[in-house]
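I opened this chain to look up how its parts are arranged. These are my notes, in the order in which I made them.

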Amino acid sequence: MTVDGATFTTNSAGQVTLPQRPADMAPIDILAAGYLDRLTVFRGQDTRLGLWPRTSRTGLTEADTINLVYTHVNWRGAPPLYQLGPVGGDSLRQRSSRAPVQVFYSNGFEGADARAIDTQAAAVAELNGALGGGLTYLPPSFAEIPASNLGELHVALTIDTTHESCAAGFAATGEFPPAGIAGGTLRVNYCSIRYAGNLHVAIHEFAQTFGLRHSADENDVMCPGSGVRAFTPKEKLVMRLMLQRRPGNIFPDTDACRWRPEWCVD
Ligand SMILES: [Zn+2]
């Protein structure tokens with residue numbers, strides 16, 4: 001582990017005690033076997049740095065991390081992962097705010113059946129369980145969508161069969177958090193009331209509003225069309241690791257670019 005040019009060795013628990021507090025913005029570079037290389041800067045906060053495992057007993061592999069966290073996908077891409085752009089080429093997306101996420105039933109839900117409505121609440125509950133309290137989605141409501149503060153991203157649920165993704169054969173779409181700090185509304189659209197009542201589809205789209213992307217593993221919620229209706233231990237681990245990082249973190253595990261952009265210029 002290198003802090004501000006000085007090298008330290010981690011103990012058997014993977015931790016290091018520094019002889020003195022480093023200067024703010026001091027570069028920190030951690031190379032530890034079994035973990036992604038961590039490159040960050042000291043920001044006068046936590047002196048204990050968590051590392052991101054390359055693999056884990058949950059079945060997590062480095063490829064899962066690349067797909068689920070760092071690969072840009074949307075419905076305009078090509079099968080099987082609807083991937084857009086290079087694998088691992090995008091930054092970690094998530095809210096910069098830890099304020100509870102407000103969720104709203106919007107256009108199309110006025111006439112929806114109880115199953116479609118209840119499925120949204122069930123998906124929120126599943127996501128909250130996976131997030132372990134690090135971020136909380138509020139139960140969906142029929143209230144009017146208010147203006148959001150910077151960093152706050154509401155979720156709007158719609159059923160619109162004329163959305164262009166529907167003609168392309170999609171069940172639903174869920175927007176990802178933007179790359180920068182922004183406030184606004186992320187939309188989850190269902191292409192029919194039936195799809196809105198499909199718990200796999202709902203959980204999958206809600207997870208995209210958190211920032212989770214697609215998996216190639218058919219056991220995962222995030223594998224499109226897998227039908228899986230509960231997050232796997234692997235997916236839960238990834239979400240909790242994401243909550244320890246800031247938006248803008250790039251693969252393998254670097255957030256220094258955001259704070260010291262001059263280090264990241266080729
Ligand atoms: Zn998807």
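**Ground rules.** I am working from a predicted model, in which local features need pLDDT of at least 70 and side-chain atom pairs count only at pLDDT 80 or more, while totals for chains, interfaces and linings use all residues. I number residues from 1 along each chain as its sequence is written.

**Whole chain.** I counted seven helices and nine strands in the chain, taking helices (H or I, at least four residues) and strands (E, at least two) as DSSP runs numbered from the N terminus. The radius of gyration is 20 Å, close to the 18 Å that the globule rule gives for 266 residues, so the chain is as compact as a globular protein of that length; the radius is taken over C-alpha atoms, and the rule is 2.2 Å times the number of residues to the power 0.38. I also noted that the C-alpha trace spans about 65 × 35 × 35 Å along its principal axes.

**Domains.** The domain assignment, which is automatic or from a database, gives domain 1 (1-51) and domain 2 (62-243). I find their C-alpha centres 33 Å apart.

I then traced an open sheet with the order 6-7-9-8 and mixed pairing. Strand 6 and strand 8 (172-174) are at the edges, each with a single partner strand, so one side of each is left without a neighbour in the sheet. The twist averages 20° from one strand to the next, with axes fitted as lines to C-alpha atoms (for helices over the stretch in contact) and angles running from 0 to 180 degrees between N-to-C directions. Strand 6 and strand 7 run parallel and are joined by three bridges, and Tyr105 has Leu157 in strand 7 as its bridge partner. Helix 5 lies across strands 7, 8 and 9, running at about 25° to strand 8.

**Core.** Which residues have the most contacts inside the largest nonpolar core? They are Leu127, Phe206, Ala207 and Val238, in a core of 48 residues; such a core is a set of buried Ala, Val, Leu, Ile, Met, Phe, Trp, Tyr and Cys residues joined through C-beta atoms within 7 Å. A residue is buried if 20 or more other C-beta atoms, placed from the backbone, lie within 10 Å of its own, exposed if 12 or fewer, and partly exposed in between. Leaving aside neighbours within four places in sequence, I find Ala207 in contact (C-beta atoms within 7 Å) with Leu127, Leu212, Val221 and Met222. In helix 6 (residues 233-243) the buried residues include Leu237, Val238 and Leu241, and the buried residues of this helix pack against helix 1 (62-70), helix 2 (114-131) and helix 5 (199-210).

**Ala156.** Last, I looked up Ala156, which lies in strand 7 and counts as buried because it has 21 C-beta neighbours inside 10 Å. Not counting residues up to four places away in sequence, Ala156 touches Phe104, Ser106, Ile145, Thr185 and Arg187. Arg258 is 102 residues from Ala156 in sequence and 29 Å from it in space, C-alpha to C-alpha.

Key
Two residues are in contact if their C-beta atoms, placed from the backbone, lie within 7 Å. Two strands pair if DSSP finds at least two bridges between them.
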